[in-house]
Every structure is written in C-alpha cells, then in structure tokens.
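Reader: I would like to go through this model step by step. Please show it before we start.

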Amino acid sequence: MSNIHPFGPFQTASFTRRHVLTGCGAGIAVSAFPAGGLAERGPAGDFRVLRARRGEARLRGDDRRATPIWGYDGMVPGPLLRVRQGDEVRVRLVNDLTQPTVIHWHGLRLPNAMDGVPHLTQMPVEPGKSFEYRFVAPDAGTFWYHSHLRSSEQIGRGLYGALIVDEREPVAVDRDIVVVLDDWRLTEDGNIHQSFGSPMDASHAGRLGQYATVNGRDFPDLPVRTNERVRLRLINAANARVMVLRLDSHRATAMALDGQPAQPFELRGGRITLGPGNRADLFVDATLAPGAKAPLVLEYGRGQELPIAQLTYGGEPVRGAPLAALSPLPSNPLPERLDLANALRLEIPLDGGAMSRWMMRGGMMGPGMMMGSGDRMFWALAEKSSTGHDGAPLFRVERGRTVAIDFLNRTAFPHSMHLHGHHFRVLDRADNAVRPYWLDTVLVEPQASERTAFVADNPGKWMIHCHMIEHQESGMAAWFEVM
Ligand code: C2O
Ligand code: CU
C-alpha cells in the first residue's frame, strides 16, 4: 500500500513512459492483432480451449522486464476470438489458476446459462476444472470477454480478450484493427501492484493505473497505408479509467457503439469517450502521405495527455484517393419497438463514495455488515448495497415488456452502468427522443442522469452494475429477472 495515492499519481498525474511519441524504433507491430484474419474457427463441434493461467507481458516496452500477468492462454489481451454473425461460439474454459474463475461475454445477447455470472447463472469453475460455453452470436460487432469473479483482481491482472463477430456480408474496409485499452498499476520493478479492491480505490474512482497499454503493449505501431479505409475497434478494458481518446490529423466516423451499429457520426475534434466496458468502431480514412505517423492520444484529466499508439504509414498508397462516402453498417436483429407508454419505469439512484451521505449514515459499516460478506460496501444501487448475484432481484418483468430506467447519479464520481443480456436505447434527457444508437454500458456523469429503455426479451437472471469494477464489488450492483 506504500505508494498508493488515490488523488496522486494514479488519478491525474503523469503516466509513466520513457519513450514518449518520439520513440523511433520503439514501435512494435501489433503482432497479436494484425489486420483481420485471426479467425479462431474450428471444425463444427470443436471447442476453442482457453486456459486461464499465468503468463507474462511486456507492458512497459520490449526492453524492460516483462510483467507476470494472468491471461487466457497466458496472454494479455487473451486470444482474439472471431466468428461470423449467426455462428456458434464454442469455448472450453480450463482453469489453470489457483482460484475459481468464470468467463462473461460482455455485450452478447446470449442464453442466460452462458452469461458467466458466478452463483447467478453458473457455479464458479474451480482450479483444475473446466466449463463449456456454447452460444450463437446474434449480433455482428465488437464485443469482449472477461472474468466475472474476483474481477478487480482477475480483470486487473489481465483476464480479458476481444470477441469480434463479423458481418454476414464483408464490410468495405481495407484493414480491421482491434485496439484493446487498459491501464496498469505496477510497482517499480514492473510487477502488478497487489492493492486490488483497496478501500481507498473502492470508495473513490476505482483502481487506476499509471501505465497505459494498447493490446498489452507500450505505444505500439498500428500499420496502415495511404488511402486505406481502416476500421478501428476500440475496447476499454480498464478496471476503472474513463478514457477520452483523440485521433489527430484524421477524420474519424463512429459507425458502431458497444457492438451495435449507430447512425454514423463524425467525431467532434476527433474525440470519443469510453467508460470501462464501452466499445466504439471507428472508420478512419488514412489520408496522410506514405511514411507519416499519427498518434492515438489518451486525454486524462486537466489537459494532460499521453500518446498510446500510432498509425504508421507504409510505403505505397493502396489506391489513388480515399474511398467515397460510407454507408451505415447493416443493423442487427435487436427488438426495435420500445413501448414507452406501457413501460415498467424505474428510477435507479446511484449513491455512495467517499464523504457521501450514504457512507456517513453508515454505508461503510452498516450495509457491508448486513450483507455478511465481510467486504466493505461503499456504494449503493437503488438504495441497496449488493454484490449483484444474491438476495432479491431489483425487479422482475414479463418477457417482451419495455423497461425504462433512469439512472440518477447522486455521487461525486462517474459510473459506467452496464446491463447484461440486453442493449438499451439512451433517451434524450430533454425531450425523451430516442437517440440513434444502442449501448450496453452508459457513462453517467457525477450529479447527472441518463434515461435508458430496452425491451426485456431475454429470459433469465441478469446483472446490472457499475463497470468500475471496484464499485461493482463494493455495492453498486444488482440483478433482475426476465420471466
Ligand atoms: Cu463486462 Cu458484468 O460485465
Ligand atoms: Cu461506479
């Protein structure tokens, strides 16, 4: 605990990197995630084995000592899983760790039994044991998978990966680049700091790291060629960090959010904000000259920024000019018809955090003790602190009904509110208009509210929780049932 200062280095002050942007020769081709094609399709009936185990990763650059991590197949991110829309995902998780684990498929509208929530949808997979996940991927888009048990530690040590579901018809892009973002809290000698779920982190902004990586790498090159159209698939896999990303010198168009096609919109100032759990698919026309470089920049707090990867142009243009206008991605088979007039309406206040009335009135001791979990409960969802997979459901709803949830953030921190098994529409705060995109995770700013609505069409028991993992594990979680 010695060098943890929640409002010190991890919160706003500098990220650590030796070669900042100028680092010629520091660039590493993103070998784990080259352009497309890393299909993990096996013959019918085959299961792709994923071993949760120890491994190592050069999070601080290739010339510094590797960091011991936990990862699927010992890698971070884990293997890129890729299927075509409508195909089956078949994964056999083998637990080679010394503690139980599970895999959750974030953003997948899958059968409840495959959702990977311990005690709610399956039993934890004990060390030495395995579990088979098998489900159809109904939606094309950018998804991810991660542990959902002791998540602060297991995700924090690297147990996550990307799951890409390709459109049935190929999309007109030249290159497809997966960009998995994370920040790491490391000790001086490059080990992962043990301070998982520390009360200080849990009651403030969550576990923030001082090393930022793209695909488990320090400032990788993302190779492109002049006049290509590039699909950048951004995934925020950090435990708690809200990431404001900026791509310089290019026009970037958001084509999909949280895996679901959106009405395309050009990023203002080249910026997009991703809360933990969020994804964005950007189409970028590579309009610079051969040999050019352009950084992807992480903006964090009060004008501070850090280049975390760079587009690196190769020798020859791929064609004489960039492609002409783009058309939206084909839509997914989501339940479009929101029936707001007959919706089950819920106001869900979010409370808690350091110095809050919730904690002052005994949230720190009271609810935590009442839960009997021994964990400290700093947060509440709908005025209850829960781990989200025990006790009574937050609500029950008959299948097919529209549920309208207003998240009211009464705290001093942002919260990245995630719904399992469904995507929701975000409604405009002012006029109730439905905004032209679907999300599975919505960032609710401090003292602000977000109005969402979805059709509860997927039967089962589903979690709803903050994706700042340390908040989730200290009370900001619940479950609901679709009957
Ligand atoms: Cu990405 Cu309940 O999680
Ligand atoms: Cu939160």
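Reader: Is Ser-249 buried, partly exposed or exposed?

Author: This is a predicted model, in which local features need pLDDT of at least 70, side-chain atom pairs count only at pLDDT 80 or more, and totals for chains, interfaces and linings use all residues. Residues are numbered from 1 along each chain as its sequence is written, chains are lettered from A and ligands numbered from 1 in the order in which they are written, and side-chain values use heavy atoms, with hydrogens and water left out. Buried means under 20% relative accessible area, exposed over 50%, and partly exposed in between, with a 1.4 Å probe and protein chains only. Ser-249 has a relative accessible area of 52%, so it is exposed.

Reader: Where does Ser-249 lie, and what is its phi?

Author: Strands (E, at least two residues) and helices (H or I, at least four) are DSSP runs, numbered from the N terminus. Ser-249 lies in the loop between strand E13 (243-247) and strand E14 (252-257). Most residues other than glycine have a negative phi. Ser-249 is not a glycine, yet its phi is positive, near 65°.

Reader: What is the phi of Ala-382?

Author: Ala-382 is in the loop between strand E21 (379-381) and strand E22 (395-397). With a relative accessible area of 26%, Ala-382 is partly exposed. Ala-382 is not a glycine, but its phi is positive, about 55°.

Reader: Is the peptide bond from Val-76 to Pro-77 cis or trans?

Author: Pro-77 is placed in the loop between strand E2 (67-72) and strand E3 (81-84). Most peptide bonds are trans. The bond from Val-76 to Pro-77 has omega near -10° and is cis.

Reader: Which residues coordinate the copper ion (ligand 2)?

Author: Donors are N, O and S atoms within 2.8 Å of the metal (3.2 Å for Na, K and Ca); water is not among the atoms, so sites may look incomplete. The donor residues of this copper ion are spaced H-x50-C-x4-H in sequence. At 2.0 to 2.1 Å, the coordinating atoms are ND1 of His-415, SG of Cys-466 and ND1 of His-471.

Reader: How many residues apart in sequence are the parts that His-415 and Cys-466 tie together?

Author: His-415 is buried, at a relative accessible area of 0%, and Cys-466 is buried, also at 0%. His-415 belongs to strand E24 (residues 415-419) and Cys-466 to strand E29 (residues 460-466), so the parts tied together are apart in sequence by 51 residues.

Reader: Which side chain makes a polar contact with the side chain of Arg-233?

Author: Arg-233 is in strand E12 (residues 229-236), and its relative accessibility is 0%, so it counts as buried. A polar contact is a pair of N or O atoms within 3.5 Å; within protein, one must be able to donate a hydrogen and the other to accept it, and residues adjacent in sequence count only if both atoms are side-chain atoms. At 3.4 Å, the partner of Arg-233 is Asp-281.

Reader: Which residues touch the most other members of the largest nonpolar core?

Author: A nonpolar core is a set of buried Ala, Val, Leu, Ile, Met, Phe, Trp, Tyr and Cys residues joined through side-chain atoms within 4.5 Å. The largest one has 99 residues, and those touching the most other members are Trp-105, Leu-245 and Leu-282.

Reader: Which strand gives the largest share of this core?

Author: Domain 1 (2-313) and domain 2 (340-482), with bounds from an automatic or database domain assignment, both give residues to this core, so it lies between them. The largest share, five residues, comes from strand E19 (residues 305-313).
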